[in-house]
Amino acid sequence: MRCPRVLLPVLALTLVLVAAPPAQGQGEVSRGRGFGARLLQSLVDGVQFGVIIAVTAVGLSLLFGTIHLINFAHGEFVTIGAAFAFFLNVSAAGPGWHLIPAAAAAVVFGALLGAAVDRGLWRPLRARGTGLINLFIVTIGLSLLLRHVVLVLFGARPASFAQYDIQNAIRLGAIGITPRDLTVTLLSVAVLVGVAVLLQRTRTGTAVRAVSVNRDLAEASGIDVQRVVLVVWILSGALAALGGVFYGLVEIITWDMGFKLLLLMFAGIILGGLGSAYGAMVGSLVIGIVAQVSTLWFPVDLQYAWALLVLIVILLVRPEGILGRPERTG
Amino acid sequence: MSADHTPVLAGDDIVAGYLPGVDVLRGCSVRVGPGELVGVIGPNGAGKSTLIKAVFGLLRVRGGTVRLLGEDVTGRPAHEQVRRGVGYVPQLQNVFPTLTVEENLRMGIYLRPKEYARRSAAMAELFPVLATRRKQKAGAMSGGERQMLAMARALMTEPRLLLLDEPSAGLSPVHQDHVFDRVKEINGAGVAVLMVEQNARRCLQICDRGYVLDQGRNAYTGTGERLLHDEKVIELYLGTLARVR
């Protein structure tokens, strides 16, 4: 049975963390509140962080599933989404749009960017039969290039969007959450459900799954695989840009925000099962929760390290990831 | 030649391979007439599966031509060949294991989704086992059932030409019989079939014509019956036991 196997490592970790005494002298926020309340708050923060990672990571996972590409430049798509929305929303050179249309335009821009890099770069490289390692190196180069273009255009100074910057938290019992964070979390969940419906219920989504499973057989079924790959790039670019806007909204916009998030995206998709979109969602959620809950005991600076440690522990127990399929090797 | 006698498939002097500079097929030709059942046999590494992939467009053709009903389709991608009326069943990994039986069949008729109900009903008649397994994941099916599903997926578009790559590979003798019976049935309905087979004797028994490939070239060509009793073919490819059977 799959469910207990998935839950086991998560439950074990939760038990260990709950049983251990909290570290002394944690941040001001945690002082004066019961442990249960702080744990609940961390879980809520973790879910929020996790679903944002998931929105950005799903596209990365779909790309790996369909063309086996490890896209090191995916983080820059996240940054570009946030930076483009910032340009339209805040920048003196921009039109000064409200964040909502600016975010929508950033998603469209991310989708177009995804299509452009597929048509202009990846498709020609695939047509030449370029090996996966070479393609991976190209993604590193593209990542460096895009990151520094953003640095030049956006600058090194962190910035925030013009709207929804400072808000009072709504109290829901022991939990406090701002309307902005609640909206971002709910929208992220809605987007993830939308992606799941697209993959599960539509003809294009089934074709994406078919290409992920067996590219040649999909082609032999009359599916234009190159077109499906283009759709995946468009979806991946759009989701990365949207995730960038969400992340910039709840945290802050920096020129390297996507790059910093990239490791957690990789952790999420590996933990969930490489190439599985649903695995990326579940894995990202676990990573987000562990990163936030770890701050109850350990310094915030180490929160990503704990998330990655959990990745290692779970992979030792289940090498194929939470929702991955065991590969037959003989 | 009248239109009626135009070969469904005519591959001439095909050169193809997987690695740069290494040709597996070295000037191989194949022809399938309307309604014909043609078999391709030969030793391991002769290029049988490569031939089928090259004519279908899954492998780039380096030399020679491929014509479908007289139209030059050399170098065209496989999904276009499906549009032109070709069905293909690979030897291995011939179903989508994580998709249900129904989703596999839907992928088969991806180009004409409105025809799904009619065609899946036809497939349920031809392969009754599939009708009871619609919601089951293809990966959970037995080898024989998978082969049925793979053929049904390829037949969803009502192809004029069906390419089968070793349909009996890995199956028990009972399931092999079942597969060969279905192939005859499909061919009897008017679908031209090009079948690559390792079970050379069984293949030649049911084929109208056969090709024997060796080292990427045509070694022998003839009717299935003639090749089955050809001394050299028996000696080199069928094994001497074939004489006494």
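## Chain A as a whole

Buried residues, meaning those with 20 or more other C-beta atoms, placed from the backbone, within 10 Å of their own, make up 48% of the 330 residues in chain A. This is a predicted model, in which local features need pLDDT of at least 70 and side-chain atom pairs count only at pLDDT 80 or more, while totals for chains, interfaces and linings use all residues. Residues are numbered from 1 along each chain as its sequence is written, and chains are lettered from A and ligands numbered from 1 in the order in which they are written.

Chain A has twelve helices and two strands, where helices (H or I, at least four residues) and strands (E, at least two) are DSSP runs numbered from the N terminus. Along the sequence, the pattern is α-α-α-α-α-β-β-α-α-α-α-α-α-α.

## Two packed helices

In chain A, helix 7 (residues 203-213) and helix 9 (residues 225-250) pack at an angle of about 105 degrees with their axes 10 Å apart; axes are lines fitted to C-alpha atoms over the stretch in contact, and angles run from 0 to 180 degrees between N-to-C directions. Helix 7 of chain A is therefore roughly perpendicular to helix 9 of chain A, a term covering angles of 65 to 115 degrees.

## Where the chains touch

The contact takes 23 residues from chain B and 15 residues from chain A, two residues being in contact if their C-beta atoms, placed from the backbone, lie within 7 Å. On the side of chain B that touches chain A, helix 2 (78-83) and helix 3 (101-108) of chain B each supply at least two residues.

How values were computed: A residue is buried if 20 or more other C-beta atoms lie within 10 Å of its own, exposed if 12 or fewer, and partly exposed in between; C-beta atoms are placed from the backbone. Angles under 35 degrees count as roughly parallel, over 145 as roughly antiparallel, 65 to 115 as roughly perpendicular and the rest as oblique.
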